[in-house]
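The following dialogue is intended for a reader who wishes to learn how such a model is read. Please keep the sequence and the structure in view throughout.

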Amino acid sequence: ASEQLTSIFDGGDAFVEGPLPDDWGVWVSALVPLVDPRTGKVLAVFGLDVDARDWWWGVAARAGLPVGLMLALLVSLLMSVSLARSRAIARRREHQLAESRKKYRHLFESAQDGIVIIRGELIEFVNPAIAGILGFWIHEIEGRPFTDFICDEDRETVLQQRRLAFVEGEKNTNYEFRAVTCGGDLRWLHVTSRLIEWEGAPASLNFVRDTTDRRQAEIKSDKLQAQLLQAQKMEAVGRLAGGVAHDYNNMLSVIIGYAELALDKVAEDDPLHADLAEIITAANRSTDITRQQLAFARRQTVSPKVIDLNDTVEGMLRMLRRLIGEDIDLQW
């Protein structure tokens with residue numbers, strides 16, 4: 001007995017080997033135990049040799065149909081899963097695109113700065129902020145040339161900036177111009193422009209901010225600055241005039257003093273007496289003028305007293321006529 005037979009009789013295990021080639025062909029050999037159902041002992045061994053060539057064809061013939069069906073089912077399942085996944089991805093993308101468009105539209109409509117998309121010479125899109133700045137409805141702006149809303153004096157400036165962007169390739173430009181509103185008023189606008197692609201064609205995305213209030217504030221500030229500088233100049237001139245008048249008043253005091261001393265030494269019938277009296281009168285009049293100048297320059301404390309208003313104003317007329325110039329007529 002061979003080793004395989006001994007093993008089968010002792011253990012009851014079947015033995016299969018092959019396919020093995022020999023002089024007559026390729027064979028698959030099998031040894032199967034025949035067991036007594038009452039005692040469980042191996043009574044005999046059934047041996048079988050099968051021509052492997054016919055055996056492989058039989059296996060292939062019997063397994064081909066279920067394997068083919070299995071493969072077809074698997075391919076169909078994979079295609080179904082792939083199609084379902086593609087549809088789910090497409091639905092998710094459509095939903096994301098719709099949400100994205102909704103968000104961008106909300107941003108455009110709620111933006112405080114104006115947003116304008118210009119393609120060629122025409123305005124393709126504007127947001128409500130632009131309509132609020134210009135005073136037009138949105139449908140009255142879209143589809144029109146952008147030059148319709150630009151002040152004539154600033155049109156060439158805007159066109160030059162657009163040439164810089166589209167011809168020389170500057171992607172971002174900043175400039176200011178005056179826009180014409182629905183009522184014909186002019187509003188200063190600051191524009192930040194950027195090149196984009198809109199529906200397959202080059203266009204510009206423009207962010208617009210109304211700077212009219214800032215411009216007016218700057219103009220007002222410049223005027224106030226000029227007035228301040230003029231006031232400072234006048235203050236400096238007043239201080240200079242006050243200083244000169246103060247020194248002049250001191251010299252007049254000396255003149256009056258010496259003239260009065262000389263007058264006391266001359267007899268009244270002497271012709272020199274009248275000349276000295278005129279000198280004292282003129283000096284006193286000059287003293288009054290310098291006192292007025294010091295009062296205007298705030299270099300002399302004003303002492304209130306009862307006056308004749310007519311005489312006081314009439315005494316100031318000569319000085320005032322010199323100050324106001326020839327283009328102003330002073331009537332008294």
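**Reading the model feature by feature**

A: Leaving aside its neighbours within four places in sequence, Val16 is in contact (heavy atoms within 4.5 Å) with Val28, Ser29 and Ala30. The model is predicted, so local features need pLDDT of at least 70 and side-chain atom pairs count only at pLDDT 80 or more, while totals for chains, interfaces and linings use all residues. Residues are numbered from 1 along each chain as its sequence is written, and side-chain values use heavy atoms, with hydrogens and water left out.

Q: Where does Val16 lie, and is Val16 buried, partly exposed or exposed?

A: Helices (H or I, at least four residues) and strands (E, at least two) are DSSP runs, numbered from the N terminus. Val16 belongs to strand β1, residues 15-22. Buried means under 20% relative accessible area, exposed over 50%, and partly exposed in between, with a 1.4 Å probe and protein chains only. With a relative accessibility of 59%, Val16 counts as exposed.

Q: How should the length of helix α6 be read?

A: The expected span of a helix is 1.5 Å times one less than its number of residues. Helix α6 has 53 residues (212-264) and should therefore span 78 Å; its end C-alpha atoms are 76 Å apart, which agrees.

Q: Which residues of α6 are buried?

A: The buried residues in α6 are Thr212, Gly242, Ala245, Asn249, Leu252, Ile256, Ala259 and Leu263. Glu235 is also found in helix α6, but Glu235 is partly exposed at 31% relative accessible area. Its C-alpha atom is separated by 137 Å from that of Phe9, 226 residues away along the chain. Gly257, another residue of helix α6, is partly exposed as well, at 27%. Between Gly257 and Ile280, the C-alpha distance is 8.7 Å and the sequence separation is 23 residues.

Q: How many salt bridges does the structure hold?

A: Side chains of opposite charge can pair when their charged atoms come close. A salt bridge is counted when a side-chain nitrogen of Lys or Arg is within 4 Å of a carboxyl oxygen of Asp or Glu. The structure holds eleven salt bridges. One of them joins Asp113 and Arg209, at 2.8 Å from N to O. This pair links distant parts of the chain, 96 residues apart: Asp113 is in the loop between α2 (52-110) and β4 (114-119), and Arg209 is in strand β8 (residues 201-210). Asp113 is partly exposed at 28%, and Arg209 is partly exposed at 48%.

Q: What separates Arg214 and Glu218 in helix α6?

A: Because Arg214 and Glu218 are four residues apart in helix α6, about one helical turn separates them. They form a salt bridge whose closest N and O atoms are 2.8 Å apart. Arg214 is partly exposed at 38%, and Glu218 is partly exposed at 35%. A network of salt bridges links Glu176, Arg214, Arg215 and Glu218. Elsewhere, Arg155 and Asp152 form a salt bridge, with their closest N and O atoms 2.9 Å apart. Arg155 is partly exposed at 28%, whereas Asp152 is exposed at 57%.

Q: Which residues touch the most other members of the largest nonpolar core?

A: A nonpolar core is a set of buried Ala, Val, Leu, Ile, Met, Phe, Trp, Tyr and Cys residues joined through side-chain atoms within 4.5 Å. The largest core has 19 residues, of which Val116, Ile123, Ile130, Leu134, Ile141 and Phe177 touch the most other members. The elements giving two or more residues to this core are β4, β5 (122-126), α3 (128-134), β6 (172-180) and β7 (186-198). A second, separate core of five residues includes Ala259, Leu263, Leu276 and Ile280.

Q: Which residues does Val116 touch?

A: Not counting residues up to four places away in sequence, Val116 touches Ile123, Phe125, Val126, Ile130, Ser204, Leu205, Asn206 and Val208.
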